[in-house]
Amino acid sequence: MSNLLNSFITELRRGTLTLAVLSQLRVPQYGYSLVQILEKSNIVIDQSTLYPLLRRLEKQDLVVSSWDTTESRPRKYYVLSEYGKEILEQLMKEWEKTSRELYILLKGEEGDAPN
Amino acid sequence: MHLIDIYIQEVTRRLPEKNQDIALELRSTIEDMLPENYTELDVKEILTKLGNPVTLASGYLDRPMHLIGPIYFDAYVTLLKMILPIMTVIVLVIVSIENILSFKGNEAIIDILLDIMGEGIWGVINAAIQTFFWITLVFAVLERTDISKESVSLNTGFKKWTPDDLKEIPVISKKRKISNVEIFGSIVMIAIFTVVYFNAVHLVGVYENVQGELQFVTPFFNQEVLQSYWFIVVLAIVVEMFLVFYKFMGGQWTKKVAILNLIRNIVSTIVCIIIFTNSHLINENFITYFEELFNITMDIKGPFMVGIILLFVVFAVIDVIQGFRKAYTKG
């Protein structure tokens, strides 16, 4: 029973993952810093999912990466590209719309919808 | 340190050669996660968080982690189901023909039948494995090379499904359905009949137990008479094969199938009557043997042949009627 519930929750969250990651890349982040930010917001992300996801986003031209070798340890930083910013804007609108619709659907009355 | 190296190696060796960058980033990330002056326990904890290197590597790869995905699976299974029975039949027919052609005339009947059965089973297994392998290979390659990546299941024609596809599917009712077992049975029967008919001189007759060994004493039929009718027999076999093929393609009893069934029965009955009204059909040696065995003198030819013809006609009529009944079944 709880297994089934868990798989539903995982599925629900999987779709929002890209949005969560993109939203934090307005400023350059490296892999682990991103994990920490997301964890602080209580967003659990499998690390074996996150690092490949960053690579994929780069391949899709949504983010650009660069190695920073000025510090003691070289780190790969990711930041949104112009195209990535556009996509993020649209995704955010879509998310707000979806969550509003779903909220109405779940509550059953329009009046309670958040703005 | 050691564990980290092995972990990174376990990930990168599953990736294409040039991905040195992933190794560097992975190492930097792992070091980020570790506290200062870390112990092996810390390393283990971090690596647990990163998870199985196989999973991580597959995340980096865009290649599918399955042989044949949901897009092709249905077309794959449908093709297999279609081709495997056809292969089986072809192999059985080839094996039978080979054995008939290589027949020297001095082998025992059992040996021939066992040969056909043994070679047939072996051949079918062989052909099935080959067919399975090549079809699977083709689909596995397709799965990996198709860049269009339609997210929907494709039909056997490798096109996107449209409602028009439905028009091409015959509506098969359960009562009129012709099972593949029936088709298969018919083909096996035709093959056996062909083998037996053209080798009746070695197969059909009287067997005697001589010193523990089964020996063929005398054939039942006069082979020259049987051979002289080869043309109409082959014609009847072709008609039979055509009906089987037609049934296989249609998949159900229809008025057309029933009419074809009627024609087939008329043809085979006529052939049967022609052959069994030949007074030289039965081997003289056999009659002598029979008369000596039972110590009687009687003309068995006449009643026997009439009996066979009557039996044949009765079965043909029943078969024709059943064909029409199935074709006109409602539902």
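Mentor: Two strands pair if DSSP finds at least two bridges between them, and strands (E, at least two residues) and helices (H or I, at least four) are DSSP runs numbered from the N terminus. This is a predicted model, in which local features need pLDDT of at least 70, side-chain atom pairs count only at pLDDT 80 or more, and totals for chains, interfaces and linings use all residues. Residues are numbered from 1 along each chain as its sequence is written, and chains are lettered from A and ligands numbered from 1 in the order in which they are written.

Trainee: How many bridges link strand 2 and strand 3 of chain A?

Mentor: Six bridges, in the antiparallel sense, link strand 2 and strand 3 of chain A; Val64(A) has Val79(A) as its partner. These two strands form a hairpin with six residues between them.

Trainee: Why are strand 1 and strand 2 of chain A called edge strands?

Mentor: Strand 1 (29–30) and strand 2 (63–68) of chain A each pair on one side only. The open sheet of three strands has the order 1-3-2 in chain A.

Trainee: Which residues make up the contact between the chains?

Mentor: Residues are in contact if their C-beta atoms, placed from the backbone, lie within 7 Å. The contact takes 13 residues from chain A and 13 residues from chain B. Helix 2 (20–33), helix 3 (40–50) and helix 4 (53–60) of chain B each supply at least two residues of its side, with the largest share, six residues, from helix 2 of chain B.

How values were computed. Contact = placed C-beta atoms within 7 Å.
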